[in-house]
Amino acid sequence: MADVPYYYPLVGRKSSGAVFDRISIEDMQQNYPYQFTLFILSYAAIQGNNDPIASAGFQYVPPAATYMEIAGIHGKPYKEYAGDLKTPEQKIADYDPADPKDTLPVPSRFGGYCNHGSVSFPTWHRPYVMLVEQAIGDVADGLAADIERANPGEAGRWVPEARKLRFPYWDWAAPKVVTEGFPPVIVDDTVRILVAGGQTAVVRNPLSYYSYQGGIPPDFQDEATREGIAYFSQWTRSFRHSPSDPNGSTNNEALQAAMVGERALNVRRQLGLLFNIPDGEDPARIYDEFSNTVNESRSDLNQRNTGSLEGVHGLIHGAVGGNGHMATPDYAAFDPFFFLHHSNVDRIIALWEWCYRDYWMGEGYTDPRTGRFSAWTQERGTYAQVYNEQILPTGARGALYPFRLENGEYWNSEQTRFLDADSFPKYYSYDEFLGIKVDQPATPEERRAARARIYQYYGFDPKEAAAKTSRASWTHIPVQSAKEAGLPELFQEINNFRIFIVVVRLPEHAFNRSYNFELRYTHGTESTFIGAVTVFARPDHSPCKACAKRRASGSIIRGVIPLPFSLVNDIMIQSGVNRTTAATMETTTADITKCLSGALVDTAGKILATAQGGRDAPMVPDEQSASSTIVPAEVALYTSGVAQKTGDASHPVHLFDWQAHNALFPNGWKAEDKEAF
């Protein structure tokens, strides 16, 4: 056992003695009323709200299991977690707000525990969700027992459902989100639940907002956006898309608008693309690209461009937060939606690792050009990790602070892998999805077929798109033969068809806060949203506030925006170019880029800089040009060929023959706000 003053063992729902599924919040509300009631009341209880209507006694919540402590792990307040108390000697490497080594560098050291921009992004957040799941589960067990004692006629109804209770998720990429957006259970301030005696009651909804327990922490700071101010030092509760008002409020109309229509379709396409990765690639480098937005191992910008889960996850943070908590890493976890979101992120991780069992971070990566082996690092550090600390899957450098096991050792990344019977115990799984059960064994063929079903469900199906294109308009599109490309036997290229993807690389600290790159399609006087990449960044309050150039030379956030197949097809048809004599790949990419425009937009919706696509766009005058420290490092068009396995319709397609084409905005970025100069 570790020699520490106190720690809160993170064991998940071990007390239930079995593995039960996490289910969607909508499924729980509609079909599992006892679990839903226990979830709502337990989530409220750890937030400091014990509702007397539950006909149950007060439930004790240890300090380390309170929502205030759990949410504070992710970012602010930059302090030691109550469930991981250390001796002064053990704290020697921890973040210290009074230590110049932590506060003077630019950007300054990150003082929260969360891991972003590294291969440990998926592995760190898995025990984090388990922690809140454990906290509500312990409360639910007590509530259920109290309800049954007070209502003998309901014995056997509540306690078994408490045992099964796991933290729910909300699939923000499901098809119905495109038209429906958020369900009422997430946005309404009250919710109806079942209570003892078969009656129902309306209670405060703990998913809607959180009011701080014990007051606003002293290091919370107001953050200026171009639309106004997020009054984090004055707001006593969490908000979404708040106006610039010290009293704050949630704008549900703006919240819904950020999640429906083309914005939802963009999320779906980006998620589907994550399951279009072929077999037989370098395991460490694939896992790096999937896991995070920095891609530490990337050495060839022209190789595969399938995006990252962290990038998709960032889109949701920006869409939900706006001028509010979810859009800023330091405050995001204080919005109760955070854990619904990350439960779904974890569900996607579970699906991906079930499909791709061999892809893993390992102990580092090898540069294929030089043969040089390099270690993974956490560039910015965390509360318990110093700058550029090495990251390993096990051992002391694999520790996932501040999450401790029963023996006092820290969880490590290797222990977070998989949810099957042979994995390290986590006591949860996920409900069946498209015939996939992530805790069950499967053959390699079954896992490959599942990948195809997943990307088809999320709306990114190159094979279906190829069948729907105007073939006469695509006859000039070149594709390398599958045999020449060295693809596995029986793979056949789809002739005259490619997928088109915009690769975006953005400076993390361009605006000293979170912001978006938005891509739009312009046709005549109409402009339509295509997709976005979100930079989910914390403000840096280090003393050197004028060091924007040094910040901009730091980490680059990478994202991808798949162009809708139908949009590319329409542009080709409408271009008017003779496909048999004059059209080339170069003329096609030029036709596409001149129809596109870009904008840098903060999370409150203020446009900071804009750019027009194509070589024929007007050159931006020097006096109107945005600063080189804030413009994207790259916005360029890439394409890939598509191959399918002959005789096996269930097999996923193989993306290959990746090619880089033209930059989208060669004639510059125009500053639309003084902050962009």
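Let's start with Glu-69: its relative accessibility is 17%, so it counts as buried, since the cut-off for that is under 20%. Keep in mind that everything here comes from a predicted model. The side chain of Glu-69 meets that of Lys-79 in a salt bridge, with 2.9 Å from N to O. This pair links distant parts of the chain, with Glu-69 in helix α3 (residues 67-74) and Lys-79 in the loop between α3 and β3 (84-85), 10 residues apart.

Side chains of opposite charge can pair when their charged atoms come close. A search through the whole structure turns up 35 salt bridges. One of them joins the side chains of Glu-133 and Arg-22, at 2.7 Å from N to O. Here Glu-133 sits in helix α5 (residues 121-150) and Arg-22 in strand β2 (residues 20-22), so this bridge ties together parts that are 111 residues apart in sequence. Glu-133 is buried, at 1% relative accessible area, and Arg-22 is buried too, at 0%. These two also belong to a network of salt bridges that takes in Arg-126, Asp-346 and Glu-353.

Further along, the side chains of Arg-498 and Asp-657 form a salt bridge at 2.9 Å, N to O. Arg-498 is in strand β15 (residues 491-507) and Asp-657 in strand β22 (residues 654-663), so the pair ties together parts 159 residues apart in sequence. Arg-498 is buried, with a relative accessible area of 0%, and Asp-657 counts as buried at 17% relative accessibility.

A disulfide is a covalent bond between the sulfur atoms of two cysteines. How many disulfides does the model have? The count comes to zero. As for individual cysteines, Cys-114 counts as buried at 2% relative accessibility, and Cys-595 also counts as buried, at 14%.

## The nonpolar cores

In soluble globular proteins, nonpolar side chains tend to be buried together. In this model, the largest nonpolar core has 196 residues, and those with the most contacts inside it are Phe-39, Tyr-43, Trp-172, Phe-275, Phe-517 and Leu-519. Leaving aside residues up to four places away in sequence, Leu-519 touches a list of partners including Val-502, Phe-529, Ile-561, Leu-563, Leu-596 and Phe-665. Thr-528, Gly-531 and Ser-597 are among the contacts of Leu-519 as well. Apart from this core lies another one of six residues, among them Val-479, Ala-482, Leu-487 and Phe-656.

Helix α14 covers residues 413-416 and includes Gln-415. Is Gln-415 buried or exposed? With a relative accessible area of 16%, Gln-415 is buried. Not counting residues up to four places away in sequence, it touches Leu-405, Tyr-410, Phe-424 and Lys-426.

Helix α15 (residues 444-457) has 14 residues, and from its first C-alpha to its last it reaches 20 Å, close to the 20 Å expected at 1.5 Å a residue. Its buried residues are Arg-447, Arg-448, Ala-449, Ala-450, Arg-451, Ala-452, Ile-454 and Tyr-455. What covers them? The cover includes α10 (262-273), α13 (337-355) and α16 (462-468). After α15 comes Gly-459, which has a positive phi, near 85°.

Methods. Residues are numbered from 1 along each chain as its sequence is written. This is a predicted model: local features need pLDDT of at least 70, side-chain atom pairs count only at pLDDT 80 or more; totals for chains, interfaces and linings use all residues. Side-chain values use heavy atoms; hydrogens and water are left out. A disulfide is a pair of cysteine sulfur atoms within 2.5 Å. Buried means under 20% relative accessible area, exposed over 50%, partly exposed in between (1.4 Å probe, protein chains only). A salt bridge is a side-chain nitrogen of Lys or Arg within 4 Å of a carboxyl oxygen of Asp or Glu. Helices (H or I, at least four residues) and strands (E, at least two) are DSSP runs, numbered from the N terminus. A nonpolar core is a set of buried Ala, Val, Leu, Ile, Met, Phe, Trp, Tyr and Cys residues joined through side-chain atoms within 4.5 Å. Contact means heavy atoms within 4.5 Å. The expected span of a helix is 1.5 Å times one less than its number of residues.
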